[in-house]
Amino acid sequence: MALKGDGNLKVLTSPEDIAKLYREQSLFPSLSRADVGPVITSQYGGKYSNISTEWTQRDLERNENVKFCRQYIVFHDDKSIVYSGPSGNCTEIKGELLSKDSPSGDMKAVVRACTIKGEEKQFLEIWHKNSKIKSLNLTALKKHGKVYEDDQFGCLVWSHSETHLLYVAEKKRPKAESYFESGSEPSLLGDEEETVKSEKKEDTAKGDQFVYYEDWGEALVSKSTPVLCVLDIESNNVSVLEGIPDNISPGQAFWAPNDTGVVFVGWWHEPFRLGLMYCPNRRSSLFYVDLTGGKCEQLSSDSAAVCSPRLSPDLCRIVYLECGVYGPHQQCSKLCMYDWYTKKTSVVVDVVKRASEDGFTGIYSSMLSHQCWSADSKRVLVSCAQRSRKDLLVVDTSTGQVTSLTSKSDMGSWCLLTIQRDLMVVSCSSPSCPSNLRVAFLPSSGLENEVSWVTLEEAQTQPEIDWQILKFTPPSDEDNSQYPGLDFDAILLKPKEMKEGAKLPLIVNPHGGPHSVIVAEWLLSQAVLCKMGFGVLQVNYRGSIGYGQDSILSLPGNVGTQDVKDVQFAVESVLTQGDFNREKVAVTGGSHGGFLACHLIGQYPDFYKACVARNPVINLASMIGSTDIPDWCVVEAGFDYSTNAQLNPTMLEQMLTKSPIKHVTQVKTPVLLTVGEDDKRVPNKQGIEYYRSLKALHVPVRLLWYPDNNHSLSKVDAESDGFMNIAMWIIQHLAL
């Protein structure tokens, strides 16, 4: 094992040893889903429920993320857990796009993708007990295009009566043909044959082969015009719901009480579509379409952005998240509630500008758990960022009171997978501990601190990793005059076993967004870097979510200055502790984090000895015409966005001034760029623009180009190769 360093410093430097460590750590799977089956009473009177879980894990040999399921059994008395444990081993899941058990638990619906004779097809299956009782070839039916499997639009929902299934798919398009397609010459057919031929022609569109169809941007490139589809299980009939306005794209749908119709979120797509993934601030509303008359009714405001509607168990109320349109992409959300019978909407939890006395900072989420209501339909559970933690919150819908179930836990991140009959299933982790699977019953209102978690699957804690959350108050000359008195955090990881007087190399990692946050959770790359012997500083600068709406609003117009100074202040503060070598500091970041990394090496040219930027924003002015989020460039530069606003020289100059490219002539630090070929969010030309500039200035630069990868660079081959190259680049240029 190759360990190098000066004095007492030891850092893993051999590529073989680093790859071995990465491989070992990548074996820890992460939880993606859980479902609780019906309560079963045994012949001896004991009650139990089966819990089905889905996990994902990197497979470095197959270069893919594999998905597998595992079952658990929980014996309980409806209030506490008596006994729990796994039932059987893991089974890999192949081809499933969507799956859902029926409300009674008797049946299961699956949307499956299969390749048959080289052609990809989609099937809708119904399983009952131990057999598949139906399998519909949706591709052959030609009622619609591909089924949506994403979280943004997609759904697979049983009707309350268990007779129908609801899902979302791409609208069927007519077959496009050339004007010169054979058969377009004048017809010599008889009248009857001509009628048959003309009917066939209705399904074709001459000259439309190369028509441009807008899509919904990054990670939604195949999604353009969604439609709501219903399967009548008895008759096998699939129908596309009518009555939805043409200027609305529907998604996140569910059955209304009594199955009278369908409730859904509708996004306005005129005058054009903008990127929707990670952008919950797109104009949208809650709608109801009646199945008998086909009438479509709007249930919420038409001047806001909504998402994630969830129906209460008593079928009386719908909670959903709401935020402002445009502005920062991620904001503090309102939790709203619509009463199905009185037709009245109330705000349960409003936007929080600054943290309240009890520490509550607001709701920051664009996706509630599909099951998030308590059994009595009075409380709602939300997992979201609270400063640098992700906590599980309980909201009383009648009083608006918010209580944390997890704020005192040593686990820094809690995610609600589901809650059924008050049995909560969660995933929790920390920077030194991969995902654990835990369950507990939700205590009665007012007794939330008595929650008692039981671990179903425990991950091995990594004892070599030490972590802490550090709080920073900017110096007075860096305070924001419009939003004064804001503070921010950073999460510091370092090897636990440090010899006295050792000086660690430090890797600084600001997050992207910029209105995002790094919470104290398990992250593979950061854990491996720490185990290699590096300190890792993850900075949640002002503008991050989880700190109040004021913090978010303080950053637009101040990017490239306020966020840069916050990161540098955090780094300088940590260096004064004496554990780190200020001559061996590297900076890494992706997206807006890459924007900050490139700003830092330009504004502090002698400070950082190595830089890594993943799909970085380099020039707002050149990015605005090619990104799926042009509004981001406008808003972060300090202007208001509207779809019909025209750019002017003042705006372009401001965008350029706030961009890293402005400081490129000062850069001395060697730079590694990693770029996704298919990135629609920060187009790959941004990285190339910086690469060319650095080459012209004779600054050491290397660019890695990943085909078939988008903004996240999250495919296993790109992620693993990127990590190894990043590690070796830092080792080389920190002279370790």
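The largest cavity holds about 40 Å³ of space. A cavity here is a set of points, on a 1 Å grid over the protein atoms alone, where a 1.4 Å probe fits but cannot get out; grid points are joined across faces, edges and corners, and the volume is the space filled by probe spheres set on the points. This is a predicted model, in which local features need pLDDT of at least 70 and side-chain atom pairs count only at pLDDT 80 or more, while totals for chains, interfaces and linings use all residues. Residues are numbered from 1 along each chain as its sequence is written, and side-chain values use heavy atoms, with hydrogens and water left out.

**Cavities**

- The count comes to three cavities of 30 Å³ or more.
- V36, V39, S49, H76, D78, Q420, R421, L423 and F441 line the largest cavity, where a lining residue has an atom within 4 Å of a point.
- This lining has four nonpolar, three polar and two charged residues (Ala, Val, Leu, Ile, Met, Phe, Trp, Tyr, Cys and Pro count as nonpolar, Asp, Glu, Lys and Arg as charged, and the others, Gly among them, as polar).

**The open sheet**

- Eight strands form an open sheet of mixed pairing, in the order 34-35-37-36-38-39-40-41. Strands are DSSP runs of E with at least two residues, helices are runs of H or I with at least four, and both are numbered from the N terminus; two strands pair if DSSP finds at least two bridges between them.
- Strand 34 (465–472) and strand 41 (701–706) are the edge strands, each pairing on one side only.
- On average, neighbouring strands of this sheet are turned by 20 degrees against each other, direction ignored; the axes are lines fitted to C-alpha atoms, and angles run from 0 to 180 degrees between N-to-C directions.
- Strand 40 (residues 671–676) pairs with strand 41 in the parallel sense over six bridges, with V671 opposite V701.
- Strand 37 (residues 535–540) pairs with strand 35 in the antiparallel sense over five bridges, and Q538 is the bridge partner of I491.
- Strand 36 (residues 504–510) runs parallel to strand 37 and is joined to it by five bridges; L506 stands opposite G535.
- Six of the six residues of strand 37 are buried (under 20% relative accessible area; exposed is over 50% and partly exposed in between, with a 1.4 Å probe and protein chains only).
- Both faces of strand 37 are covered, with G535, L537 and V539 on one side and V536, Q538 and N540 on the other.

- Helix 4 (residues 524–532) is largely enclosed by the rest of the structure, because seven of its nine residues are buried.
- These buried residues are L524, Q526, A527, V528, L529, C530 and M532.
- In the loop between strand 36 and helix 4 lies P514; the peptide bond from G513 to P514 is cis, with omega near 0 degrees.
- S591 lies in the loop between strand 38 (580–590) and helix 7 (592–603). Phi of S591 is positive, near 65 degrees, in a residue other than glycine, and at 16% relative accessibility S591 counts as buried.
- S476, in the loop between strand 34 and strand 35 (488–495), counts as exposed at 71% relative accessibility.

**Aromatic pairs**

- The structure holds 17 aromatic pairs (rings of Phe, Tyr and Trp, the last by its six-membered ring, with centres within 6.5 Å; planes under 30 degrees apart are stacked, over 60 edge-to-face and the rest tilted).
- The rings of W55 and F68 are stacked, with centres 6.2 Å apart and planes at 0 degrees.
- W55 lies in strand 5 (residues 47–59) and F68 in strand 6 (residues 64–76), so the pair ties together parts 13 residues apart in sequence.
- W55 is buried at a relative accessible area of 4%, and F68 is buried at 11%.
- The rings of Y288 and W340 form an edge-to-face pair, with centres 5.1 Å apart and planes at 85 degrees.
- Y288 is in strand 21 (residues 284–290) and W340 in the loop between strand 25 (334–339) and strand 26 (345–349), 52 residues apart; both are buried.
- One aromatic cluster is formed by Y148, F153, W216 and W267.

Key. 1 Å grid on protein atoms, 1.4 Å probe; cavity = no way out; pocket = protein on both sides within 12 Å on 5 of 7 lines; lining within 4 Å.
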